[in-house]
Amino acid sequence: MSTTAPTAPVAGVGVGPGTTAAGPRAARKRAVRPDGTPRWAELAARATVWTTVPSGLWRLALGVGIPVGFSGELASVFESSTPGWGTAYLVTLSGLAEFLAFLTLGLVRSWGEVVPSWIPLIGGRTVRPLAAIVPAAIGSAVLTYLGASALVGGWADQMSDPEAPQGLAAVVMTLCYLPMVAWGPLVAAVTFAYARRTLGRRR
């Protein structure tokens, strides 16, 4: 008769069908990229880029002369300037908004920590964390304020103008601009993750 005492299960073996002790650890690795960026921060940065797309498309439609619901003097102004200088202004405004939103990706990409080599004079240099954190934090604060102001009555005041789009046109315009309310909070969240990752390395 054997007197050998039963041995404890080896880690990762016998802990249940189809499971291992490394399961939770693997899940944590999937939630955080090798460079320390949380997966949620990457998703938030991607979402930020899309917050400006609907309003940009709406402005482009206005810029090429598609009727979007304005009437009276406002309609006359847009009709006289689009296509024309008004088109250039609306395209520039949409492009600038999308560019600024795109910069948020730098907070979850390598070019947010090291300047790309193809950029003259400063290419290859390490980005100081505060050089990215401060502008991003200020931008997120301004955008959050503007979004909150729109939600608490600012947008309703603008749409109450008799010459503003009405009915279905007003609904379309509102839905196109609504995603921009999330722009500021998303940038704030991504900035927090960037600051936590980069400043933590300097300690």
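Trainee: How far apart are Glu-42 and Arg-39 in helix H2?

Mentor: They are 3 residues apart, so about one helical turn separates them. Keep in mind that this is a predicted model. Their side chains meet in a salt bridge, 2.8 Å from N to O.

Trainee: Is Glu-42 buried or exposed?

Mentor: Glu-42 is buried, because its relative accessibility is 6% and the cut-off for buried is under 20%. Arg-39 is partly exposed at 35%.

Trainee: Which salt bridge does Glu-42 make with Arg-46?

Mentor: One of 2.7 Å, N to O, between the two side chains. Arg-46 also sits in helix H2, 4 residues from Glu-42, again about one turn. Arg-46 is partly exposed, with 41% relative accessibility.

Trainee: How many salt bridges does the structure hold?

Mentor: It holds 4. One of them joins the side chains of Arg-197 and Glu-113, at 3.0 Å from N to O.

Trainee: Where do Arg-197 and Glu-113 lie?

Mentor: Arg-197 is in helix H8, residues 183-201. Glu-113 is in the loop between helix H5, residues 85-103, and H6. The two are 84 residues apart in sequence, so the pair ties together separate parts of the chain. Both Arg-197 and Glu-113 are buried.

Trainee: Staying with H8 for a moment. What does the side chain of Thr-198 reach?

Mentor: The backbone oxygen of Tyr-194, at 2.8 Å. Thr-198 lies in helix H8 and is buried, with a relative accessible area of 6%.

Trainee: And which residues is Thr-198 in contact with, leaving aside neighbours within four places in sequence?

Mentor: Glu-113, Pro-129 and Ile-133. You know Glu-113 already: its side chain meets Arg-197 in a salt bridge.

Trainee: Let's switch to another threonine. Where is Thr-51 found?

Mentor: In helix H2, which covers residues 39-51. Thr-51 is buried, at 5% relative accessible area. A polar atom of the Thr-51 side chain lies 2.6 Å from the backbone oxygen of Thr-48.

Trainee: What is Thr-51 in contact with, beyond its neighbours within four places?

Mentor: Pro-179, Met-180, Ala-182, Trp-183 and Leu-186.

Trainee: Aromatics next. How many pairs does the count come to?

Mentor: It comes to 5 aromatic pairs. Take Phe-70 and Phe-78: their ring centres are 4.9 Å apart and their planes are at 40 degrees, so the pair is tilted.

Trainee: Now Trp-155 and Tyr-177. What are the distance and angle there?

Mentor: It is 5.4 Å centre to centre, with 35 degrees between the planes, a tilted pair. This pair links distant parts of the chain, 22 residues apart. Trp-155 is in helix H6, residues 129-159, and Tyr-177 is in helix H7, residues 167-177. Tyr-177 is buried, with a relative accessible area of 19%.

Trainee: Which residues do the ring pairs link into a cluster?

Mentor: Trp-58, Phe-70, Phe-78, Trp-155 and Tyr-177.

Trainee: Last topic, confidence. What pLDDT does the chain average?

Mentor: It averages 87, and 84% of the residues score at least 70.

Trainee: Where in the chain is confidence lowest, and where is it highest?

Mentor: Lowest in helix H1, residues 23-31, at a mean of 58. Highest in H7, at 97. Over residues 8-21 the pLDDT is below 50. Beyond near neighbours in sequence, that stretch has 5 contacts in the model.

Trainee: What should I do with that part?

Mentor: Where pLDDT is low, the predicted coordinates should not be read in detail.

Key:
Residues are numbered from 1 along each chain as its sequence is written. This is a predicted model: local features need pLDDT of at least 70, side-chain atom pairs count only at pLDDT 80 or more; totals for chains, interfaces and linings use all residues. Side-chain values use heavy atoms; hydrogens and water are left out. Rings of Phe, Tyr and Trp (its six-membered ring) pair if their centres lie within 6.5 Å; planes under 30 degrees apart count as stacked, over 60 as edge-to-face and the rest as tilted. Buried means under 20% relative accessible area, exposed over 50%, partly exposed in between (1.4 Å probe, protein chains only). pLDDT is the predictor's confidence in each residue, from 0 to 100. Contact means heavy atoms within 4.5 Å. A polar contact is a pair of N or O atoms within 3.5 Å; within protein, one must be able to donate a hydrogen and the other to accept it, and residues adjacent in sequence count only if both atoms are side-chain atoms.
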